[in-house]
Amino acid sequence: MANTPQARKRIRRNERRAEINGNRLGRIRTFVKKVESAIAEGDKDAAKTALSNAQPELARGVARGVLHKNTASRKLSRLTKRVAAL
C-alpha cells in the first residue's frame, strides 16, 4: 500500500489514465476491425474508406502514447497491402 501522499495520488492518476487509454485503444481496434471486415467481404470501396478512417486514428494513438509508432506503421502497412490486393 502507498505510504506517501504522492504515491496515493499516483495510484489515483494511474487508474484514471488506464481507463482513458483503454478506451482509446478500443476505439483504434474498432476502426481496424472495420477495415478487416470490409476486406473479408471483398468490398474494395468500403475497405478503402474504412482504411482512410483508420489511418488518423492510428496516428492519434501514437501521438497520445497508446501505441508505439512502429506498431501503428506496421498495422497500417499490412492493412494497406491487403486492401490493394483486393
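**Salt bridges and core**

Author: In this predicted model, E57 and R27 form a salt bridge, with their closest N and O atoms 3.1 Å apart. The pair links distant parts of the chain: E57 sits in helix α2 and R27 in helix α1, 30 residues apart.

Reader: Why is the contact of E57 with R27 called a salt bridge?

Author: The cut-off is 4 Å between a side-chain nitrogen of Lys or Arg and a carboxyl oxygen of Asp or Glu. The closest N and O atoms of E57 and R27 are 3.1 Å apart. That is within 4 Å, so the label applies.

Reader: What lets such side chains pair at all?

Author: Opposite charges can pair when the charged atoms come close.

Reader: How many salt bridges does the structure hold?

Author: It holds 2. E57 also meets R60, at 2.7 Å from N to O. Both E57 and R60 lie in helix α2, 3 residues apart, about one turn of the helix.

Reader: What makes R27, E57 and R60 a network?

Author: Salt bridges link them. E57 bridges to R27, and E57 bridges to R60.

Reader: Is E57 buried or exposed, and how do you know?

Author: Buried means under 20% relative accessible area. E57 has 8% relative accessibility, so E57 counts as buried.

Reader: Turn to L79. Why is L79 called buried?

Author: The relative accessible area of L79 is 4%, so L79 falls under the 20% cut-off. L79 is found in helix α3. Not counting residues up to four places away in sequence, L79 touches V32, V35, E36, I39 and L51.

Reader: Which residues of the largest nonpolar core touch the most other members?

Author: V35, I39, L51, L58, L79 and V83, out of 16 residues in that core. Helices α1 (5-41), α2 (44-63) and α3 (69-84) each supply at least two residues. Helix α1 gives the most, with 6 residues.

Reader: What does L58 touch, beyond four places away in sequence?

Author: I28, V32, L67, A72, K75 and L76.

Technical notes
Residues numbered from 1 in each chain as written. Predicted model: local features only at pLDDT ≥ 70, side-chain atom pairs only at ≥ 80, totals over all residues. Heavy atoms only, no water. Core = buried A, V, L, I, M, F, W, Y, C linked by side-chain atoms within 4.5 Å. Buried < 20%, exposed > 50% of the residue type's maximum accessible area, 1.4 Å probe, protein only. Helix = DSSP H or I, 4+ residues; strand = E, 2+ residues; numbered from the N terminus. Contact = heavy atoms within 4.5 Å.
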